[in-house]
Amino acid sequence: MSPDAVTIAGTAGVILGGLILYPLGHLWWGSVVVAFFAFSDVVDGIMARLQGNSGGWGNFLDSTLDRLADGAIFAGLTIWFFTGGKDTAIGTAAVVCLVLGMVVSYARAKAESLGYKASVGIAERAERLASVLLITGLTGLGLPRVVLFATLVLLALASMVTVVQRMATVRKQAMAEAEGTGI
């Protein structure tokens, strides 16, 4: 099996778990399935390095499919809490996490496409994913919903801080570049 196949299969599993189990209210099993398939995100990179075929395409594929996977997780939570879960506060917090998580990734990608570095921030993908999966799963086992709400709010705040950190980092680099060229 190729690293690309592992990436695609893992993403498909995360999407199915996030968009089928979460909207049905199976928060525990959804988190278990998503976590299992999200593990492929580690395996595919190791496979690529061991096979000597790590490179731009695999990195691009992995990063792009990560956005789909993250979107499925937060969209699934949003669907559940706006429908059967009947908790618009949690549903809204999940939407905010979805949007800000995408902006965190976009800010870095855009910075790198312009030749800047923006790998700073307090809310990297691994931390966001681990915390939302753990607390969502435990909520499915009876943890009070307020803990999930608080976790999502903290994730949203941390994501916003990360966006600001990345913007400030790129601005500093851009200003230094402009000063160096006399612009």
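This is a predicted model: local features need pLDDT of at least 70, side-chain atom pairs count only at pLDDT 80 or more; totals for chains, interfaces and linings use all residues.
## Overall build

The protein has seven helices and zero strands, and, read along the sequence, its elements follow the pattern α-α-α-α-α-α-α. Along its principal axes the C-alpha trace spans about 60 × 40 × 20 Å. Among contacts between residues at least 6 apart in sequence, 76% join residues at least 24 apart.

Of the 183 residues in the protein, 40% are buried. The accessible surface comes to about 9,800 Å², and 72% of this surface belongs to carbon and sulfur atoms.

## The largest nonpolar core

The largest nonpolar core holds 24 residues, and those that touch the most other members are Ile73, Leu77, Phe81, Val132 and Leu152. At least two residues of this core come from each of the helices H2 (27-38), H4 (56-82), H5 (88-113), H6 (125-140) and H7 (145-181), while the largest share, six residues, is supplied by H4.

When its neighbours within four places in sequence are left aside, Val132 is in contact with Ile73, Phe74, Leu77, Leu152 and Leu155.

## Thr11 in helix H1

Thr11 is found in helix H1, which covers residues 3-21. Because its relative accessible area is 9%, and buried means under 20%, Thr11 counts as buried.

Not counting residues up to four places away in sequence, Thr11 touches Leu65 and Ala69. Thr11 and Phe37 are 26 residues apart along the chain, and their C-alpha atoms are separated by 7.0 Å.

## Aromatic pairs

A pair of aromatic rings is described by the distance of the centres and the angle of the planes. The count of aromatic pairs in this model comes to three. One of them is formed by Trp28 and Trp29, whose rings are edge-to-face, with 6.4 Å from centre to centre and 70° between the planes. Trp28 is partly exposed, with a relative accessible area of 31%, whereas Trp29, at 54%, is exposed.

Another pair joins Phe36 and Phe37, with ring centres 5.1 Å apart and planes at 85°; because planes over 60 degrees apart count as edge-to-face, this pair is edge-to-face. Phe36 has a relative accessible area of 60% and is therefore exposed, whereas Phe37, at 29% relative accessibility, counts as partly exposed.

Definitions and conventions: Residues are numbered from 1 along each chain as its sequence is written. Side-chain values use heavy atoms; hydrogens and water are left out. A nonpolar core is a set of buried Ala, Val, Leu, Ile, Met, Phe, Trp, Tyr and Cys residues joined through side-chain atoms within 4.5 Å. Buried means under 20% relative accessible area, exposed over 50%, partly exposed in between (1.4 Å probe, protein chains only). Helices (H or I, at least four residues) and strands (E, at least two) are DSSP runs, numbered from the N terminus. Contact means heavy atoms within 4.5 Å. Rings of Phe, Tyr and Trp (its six-membered ring) pair if their centres lie within 6.5 Å; planes under 30 degrees apart count as stacked, over 60 as edge-to-face and the rest as tilted. Accessible areas come from the Shrake-Rupley method with a 1.4 Å probe; for residues, only the protein chains shown count as cover.
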